[in-house]
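Here is a short walk through one structure, helix by helix and then to the ligand. Keep the model in view as you read.

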Amino acid sequence: MSTTDRLVVVTGATGRQGGAVARRLLRDGWRVRAVTRNPASKRARELGALGADVVKADFDDPATLRAACHGAHGVYSVQNPMISGVDAEMRHGVNVADAAHEAGVSHVVYGSAGTGTSDTGVGSWDSKLVIEDHMRRLGLPLTVLRPMAFMELMTDPGFFPAASTWHVMPKLMGGDRPVYWLCLDDLGAIAALAFADPGRFIGATLTLAGDVQSIDDCRAIWREVTGRWPRRIPMPVWLFERFTGTDLTTMWRWLHDSDFAADPAETRQLLPTAVTVRQWLSARDAPTESHPA
Ligand SMILES: NC(=O)c1ccc[n+]([C@@H]2O[C@H](COP(=O)([O-])OP(=O)(O)OC[C@H]3O[C@@H](n4cnc5c(N)ncnc54)[C@H](OP(=O)(O)O)[C@@H]3O)[C@@H](O)[C@H]2O)c1
């Protein structure tokens, strides 16, 4: 059976991860069923224009997820605790897993995160372990992807990089500490590799990083690439937490003292074209978050 005969349901398709996965699968010739709560949104319509079959479903409505998964070969599952909170993230991830199980899909690729250990105290990493456990208990044919920090954290306005990536993150974790990075397009490419080669990827748990660079190094690379410094807003931690909660600040404090490491060479074995921070920043059109000072 060729990829054109096979259908992958992509959750979070209007978002960063799911969007990258959906675009890559479409490019590789897969049929994609893109899940969204709002098929009329701009992002959903853009996916439709690329050839995705956009369907309305809600992580909180199992019947809609069952309908979305019906007849599919595979499911890409991702949830966002920053939108829903971690309790809802767990419920959502379990609901998607149950729907995939009921539909009898042949492959589930799960967009996880974190270290894969339960000793961090980071709620949005622990929640993913709960979802993974549930998927394994169901016996799903599962690939777990653990992407490290998205390179888009440096530029995507939705992440408020001036306050978060360039100020609070280095303040709490240390500007000279190693950060493991992966860009979203490379995540999409690796998810597509997994769907294309289930024999190799089912049962695998993959920590994904295209590069390791401290925030100080990233600032220097940004400066070399753009001629300007990334814009930094010295927001107090308490104010940042008022906007974002304590999950990110807990994560960055934990990373300050941890000896967690990922190996970009392992990711490059899967995807030799995985980009470095320098390559990724160099390929950007405009340094929208730059500051001359
Ligand atoms: N930031 C990082 O560096 C990083 C690194 C590794 C992993 N992660 C993980 O990445 C995940 C977030 O992914 P993302 O950035 O791609 O999220 P995102 O861009 O915020 O997208 C969220 C998606 O979820 C969908 N969604 C939200 N609530 C839904 C619901 N009730 N029912 C159906 N769909 C719903 C949205 O679709 P509609 O609005 O169209 O319905 C949207 O497509 C988190 O779990 C995070 O821990 C982040």
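Start with helix H5, residues 86-103, and helix H6, residues 123-138. In this predicted model, their axes lie 9 Å apart and the two helices pack at an angle of about 20°. Angles under 35 degrees count as roughly parallel. H5 and H6 are therefore roughly parallel to each other. Their crossing is right-handed.

Now look at who touches whom. From H5 come Val86, Glu89, Met90, Gly93, Val94, Ala97, Asp98 and His101. From H6 come Gly123, Ser124, Ser127, Lys128, Val130, Ile131, His134, Met135 and Leu138. Sorted by class, this contact of H5 with H6 holds 8 nonpolar, 6 polar and 3 charged residues.

Move on to helix H1, residues 16-27, and helix H8, residues 184-196. Here the axes are 8 Å apart, and the packing angle is about 55°. What does that angle make of the pair H1 and H8? The two are therefore oblique to each other. The crossing of H1 and H8 is right-handed.

On the H1 side, the contact uses Arg16, Gln17, Ala20, Val21, Arg23, Arg24 and Leu25. They meet Leu184, Asp185, Leu187, Gly188, Ala189, Ala191, Ala192 and Phe195 of H8. By class, the H1 contact with H8 has 9 nonpolar, 2 polar and 4 charged residues.

A third pair follows. Helix H7 covers residues 164-173, and helix H10 covers residues 215-226. Their axes come within 10 Å and cross at roughly 155°. Angles over 145 degrees count as roughly antiparallel. H7 and H10 are therefore roughly antiparallel to each other. The crossing of H7 and H10 is left-handed.

Thr165, Trp166, Met169 and Pro170 make the contact from H7. Ile215, Cys218, Arg219 and Trp222 make it from H10. The class count for H7 with H10 is 6 nonpolar, 1 polar and 1 charged.

Finally, turn to the ligand. How many residues are around it, and which come nearest? There are 26 residues around the ligand, and Thr14, Gln17, Thr36, Arg37 and Gln79 come nearest. Gln17 is also one of the H1 residues that meet H8.

A backbone N or O atom of Gly15 is 3.0 Å from a ligand oxygen atom. Asp58 places a polar side-chain atom 3.0 Å from a ligand nitrogen atom. Phe59 has a polar backbone atom 2.8 Å from a nitrogen atom of the ligand.

Technical notes: Residues are numbered from 1 along each chain as its sequence is written. This is a predicted model: local features need pLDDT of at least 70, side-chain atom pairs count only at pLDDT 80 or more; totals for chains, interfaces and linings use all residues. Side-chain values use heavy atoms; hydrogens and water are left out. Axes are lines fitted to C-alpha atoms, for helices over the stretch in contact, and angles run from 0 to 180 degrees between N-to-C directions. Helices (H or I, at least four residues) and strands (E, at least two) are DSSP runs, numbered from the N terminus. Angles under 35 degrees count as roughly parallel, over 145 as roughly antiparallel, 65 to 115 as roughly perpendicular and the rest as oblique. A crossing is left-handed if the near helix is turned anticlockwise from the far one by less than a right angle, and right-handed if clockwise. Contact means heavy atoms within 4.5 Å. Ala, Val, Leu, Ile, Met, Phe, Trp, Tyr, Cys and Pro count as nonpolar, Asp, Glu, Lys and Arg as charged, and the others, Gly among them, as polar. A residue is near a molecule or strand if one of its heavy atoms lies within 4 Å of it. A polar contact is a pair of N or O atoms within 3.5 Å; within protein, one must be able to donate a hydrogen and the other to accept it, and residues adjacent in sequence count only if both atoms are side-chain atoms.
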